[in-house]
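Please keep the sequence and the 3D view open while reading.

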Amino acid sequence: MNKIIHPCLEHTNILGTITKPLQSLGVIFFAYTAMDHQGDMYCLGSKPDYASAYLQHNHVHSDVHYRPDFATDQYHYHFWDFVNLDKNAAELYHMAANFKQSHTLTVMQFTETMTHCFHFSGAIDDVGINQRYLERLDVIHAYIDYFSKCLQNMPEVAAIFNHPTHTKKPVLLDAKPFT
């Protein structure tokens, strides 16, 4: 019997190519996570060692949130360096630091049936990356558009939707969006 391999572990060369444009910003790690209205969660990360640890520790349960009442086609921004993290998020943040990545910006997009989260992380010693994120939001959004097209058109990337993690109760965001 063949062992089923998660796409972020099986297609590392493709993910490396897809995320190459982010290097100009200093982004060393990119991840995509999503949750649908039924509680199915999906994840994809650009570094196989980090992705393996993420999957092994089941961080998808604390990293993806569903918010059905936010306006669709809007973006919300979450700068991890500037928020109080709950226990699970703090564990994830420290795990990332063990892989020499930090300063994560999560851009969240809400639709009627799914929340999409695009995570951008820099090197742990890159203290200026949050400012670059702000200055280059045009590049961040161009990349989100590019990645979304890859997600729709590349079977190797779209394969994440064949690997859901299910939760009985979707984690809802607080009433106030991340800013």
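This is a predicted model: local features need pLDDT of at least 70, side-chain atom pairs count only at pLDDT 80 or more; totals for chains, interfaces and linings use all residues.

Two strands are taken to pair if DSSP finds at least two bridges between them. By that criterion β1 and β5 pair, in the antiparallel sense and over nine bridges.

**Strand pairing around β5**

- Strand β5 covers residues 114–123, and it is mostly covered, with ten of its ten residues buried.
- On the side of β1, which spans residues 27–36, Asp36 stands opposite Met114 in β5.
- Strand β4, which spans residues 101–110, also runs antiparallel to β5, and eight bridges join the two.
- Ser102 has Gly122 as its bridge partner in β5, and the two strands β4 and β5 form a hairpin with three residues between them.
- His103, whose place is in strand β4, has a positive phi of about 55° although it is not a glycine.
- His103 is also buried, its relative accessible area being 11%, and it is among the residues in contact with Phe120.

**Nonpolar cores**

- The largest nonpolar core holds 27 residues, and those that touch the most other members are Phe30, Tyr32, Phe120, Tyr133, Ile140 and Phe147.
- At least two residues of this core come from each of α2 (12–19), β1, β2 (40–45), β4, β5, α6 (129–135) and α7, and among these elements α7 gives the most, with six residues.
- Once its neighbours within four places in sequence are left aside, Phe120 is in contact with Leu22, Val27, Phe29, Phe30, His103, Thr104, Leu105, Val107, Tyr133, Ile140, Tyr143 and Ile144.
- Another core, of eleven residues, lies apart from the largest one, and its members include Ala31, Tyr54, Ala89 and Met95.

**Aromatic pairs**

- With ring centres required to lie within 6.5 Å, the count comes to 13 aromatic pairs.
- How are the rings of Phe118 and Phe147 arranged, stacked or edge-to-face? Their centres are 6.4 Å apart and their planes stand at 85°, so this pair is edge-to-face, given that the cut-off for that class is over 60 degrees.
- Because Phe118 lies in strand β5 and Phe147 in helix α7 (residues 137–153), the pair ties together parts that are 29 residues apart in sequence.
- Phe118 counts as buried at 1% relative accessibility, and Phe147 is likewise buried, with a relative accessible area of 1%.
- Phe147 also forms an aromatic pair with Tyr143, and this one is stacked, at 6.4 Å centre to centre and with 25° between the planes.
- Tyr143 and Phe147 are four residues apart in helix α7, so about one helical turn separates them, and Tyr143 is buried, with a relative accessible area of 4%.
- One aromatic cluster is formed by Phe30, Tyr32, Phe118, Phe120, Tyr143, Tyr146 and Phe147.

**Salt bridges**

- Side chains of opposite charge can pair when their charged atoms come close.
- How many salt bridges does the structure hold? It holds three, and each is taken in turn below.
- Lys87 and Glu91 meet through their side chains in a salt bridge, at 3.1 Å from N to O.
- Since Lys87 and Glu91 are four residues apart in helix α5 (residues 87–98), they are separated by about one helical turn.
- Lys87 is exposed, with a relative accessible area of 62%, whereas Glu91 is partly exposed, with a relative accessible area of 39%.
- Arg132 and Asp126 form a salt bridge in which the closest N and O atoms are 2.3 Å apart.
- Arg136 counts as partly exposed at 37% relative accessibility, and Asp138 counts as exposed at 52%.

Note on methods
Residues are numbered from 1 along each chain as its sequence is written. Side-chain values use heavy atoms; hydrogens and water are left out. Rings of Phe, Tyr and Trp (its six-membered ring) pair if their centres lie within 6.5 Å; planes under 30 degrees apart count as stacked, over 60 as edge-to-face and the rest as tilted. Buried means under 20% relative accessible area, exposed over 50%, partly exposed in between (1.4 Å probe, protein chains only). A nonpolar core is a set of buried Ala, Val, Leu, Ile, Met, Phe, Trp, Tyr and Cys residues joined through side-chain atoms within 4.5 Å. Contact means heavy atoms within 4.5 Å. A salt bridge is a side-chain nitrogen of Lys or Arg within 4 Å of a carboxyl oxygen of Asp or Glu.
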